Amino acid sequence: MSQESIYPFVFFAWLAGAAAFAMGLHQMNSPATARGGNRLSAGGMALAVVATLVYLAARPGGLSGPAWAIIAGGIVIGGGGGLYLARGVKMTAMPQLVSLFNAVGGGAAALVAIEDFLHIVGTPEATISTTIFVVLGVVIGCVTFSGSLVASGKLQGLVPGQPIIFPASRPLTIMLGLVAVGGTILLVLGAADSVALSNEVTLLVLGAIIVSALVFGVTMVLPIGGADMPVVISLLNSFTGTAAAMAGFVINNPVLIIAGALVGAAGGILTKLMADAMNRSLPNILMGGFGTGDTSPAGVAGAEGGNVREVGVDDVAIQLAYAQHVIVVPGYGLAVAQAQHAVRELAELLESRGVDVKYAIHPVAGRMPGHMNVLLAEANVPYPQLREMEEINPEFVRCDVALVIGANDVTNPAARADTSSPIYGMPILDVDQAKSIVVIKRSMGKGYAGIENPLYVDPKTGMFFADAKAGLEQLVAAVKAV
């Protein structure tokens, strides 16, 4: 069969795949349906890939043996590597993995655009619209690739988590951006025959755009502190989708355009929501990042000159066992200790004693969007118990015990009262309004924002110093004994 005869079927398969992406994305709105949404989206992508391979095989001459070997090798290596990483990575390293996936997506889109441009340069196919899409794909893809690698390095600790600003770093970033924009305009003018460019000059300009975009991604992310990493991951994810959409325009593939646009739009909306959750604008995050990245020293000294009240496991167990309402506040410390199963066991034990248990989820808790939701879903915590910040905050005043597990910045009352604090105005979980507060931490170390938390010296707060998993296991045993 020829390409022309099977094109309607292939196009229908592409549209079906795109529809699966949209429905899968909708299902990801709820933790209860997110897993099914992932499967549906993956199925749509598999359908689109198979349809594309059939379409390419039907063209005159078909696909050669080496081409099939390269495709099969790419599927095996990429699919196998992705499966291994996704199944083997620890939950604490999931944000780094997401950043690496962003880098792979952006890099792939940039390579598609570069390869296509090399084929059309100097030919009538190098129209204005094609050149615009190609160059945008190159710029966005390269920025995403290098920026995501730096973000992943910051999260993994390979790159310091605090903002890295060197002399003239911001002017350099602006200059790199101007080079990329200027090169794009020059290539578009060349495609419009407004400027005479030889093939050699065209390729040199493209090379300058690639280099400037790659360096721009590095200089853009380096000054951003660890506390802003969740927003950065979301933003780079949006860039990945946009780059994929540009690649779809380049190769005239509607399913890639639709999928990329969905990812780009969803990532952009999520970035805006997360920036709002931190009460900061996106330009402020990109230009004035803060956070030291969990580098503060350990110890049990009081914060801001206050007195720390340390409590033992038996004291906490009695409070929890005889409470009516308990709100668990999970944070990155829960993920580090892999304590999600232990906290679920404690919650089930308390519920068996008639205690009402809920979980308070802050939008930027953890190191990536939805980190706490994914973590608790892995432990099969009932979805109705997971409450978002706006829903759970009014319940803290009626809460007998708020159990904070490794959450620092999202519970810091300085966001409401201290105008000099870098997180001032950021919506937080109103933990300090609970009747009693128990904080499980290994030490008095600061969070990713690198600032003190007055909650820890509140007279209502008891500090239970322990590794989250070990501490929760001790609490389970102690509650059983009450």
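Colleague: Before we start, what counts as buried here?
Modeller: Buried means under 20% relative accessible area. Keep in mind that this is a predicted model.

Colleague: OK, so which residues of H17 are buried?
Modeller: In H17 those are Ala468, Gly471, Leu472, Leu475, Val476, Ala478 and Val479. Residues three or four places apart on an α-helix point the same way, because there are 3.6 residues a turn.

Colleague: And what covers them?
Modeller: The cover over the buried residues of H17 includes helices H11, H12 and H13, plus strands E4, E5 and E6.

Colleague: How does the length of H17 work out at 1.5 Å a residue?
Modeller: Its 14 residues, 468-481, should span 20 Å, and the end C-alpha atoms are 20 Å apart, so the two agree.

Colleague: What's going on at the start of H17?
Modeller: Asp467 has a side-chain oxygen within 3.1 Å of the backbone nitrogen of Lys469.

Colleague: Switching to E6: is it enclosed or open?
Modeller: Largely enclosed by the rest of the structure, since five of the five residues in 461-465 are buried.

Colleague: Which way does E6 pair with E5?
Modeller: In the parallel sense, over five bridges. Within that pair, Phe464 of E6 has Ile440 opposite.

Colleague: New topic, Gln96. Buried or exposed?
Modeller: Gln96 has 8% relative accessibility, so it counts as buried. Gln96 is part of helix H4, residues 94-120.

Colleague: What does its side chain make a polar contact with?
Modeller: With the side chain of Gln156, at 2.8 Å. Leaving out residues up to four places away in sequence, Gln96 touches Ser152, Leu155 and Gln156.

Definitions and conventions
Residues numbered from 1 in each chain as written. Predicted model: local features only at pLDDT ≥ 70, side-chain atom pairs only at ≥ 80, totals over all residues. Heavy atoms only, no water. Buried < 20%, exposed > 50% of the residue type's maximum accessible area, 1.4 Å probe, protein only. Helix = DSSP H or I, 4+ residues; strand = E, 2+ residues; numbered from the N terminus. Pairing = 2+ DSSP bridges. Expected span 1.5 Å × (residues − 1). Contact = heavy atoms within 4.5 Å. Polar contact = N/O pair within 3.5 Å; in protein donor to acceptor, adjacent residues only side chain to side chain.
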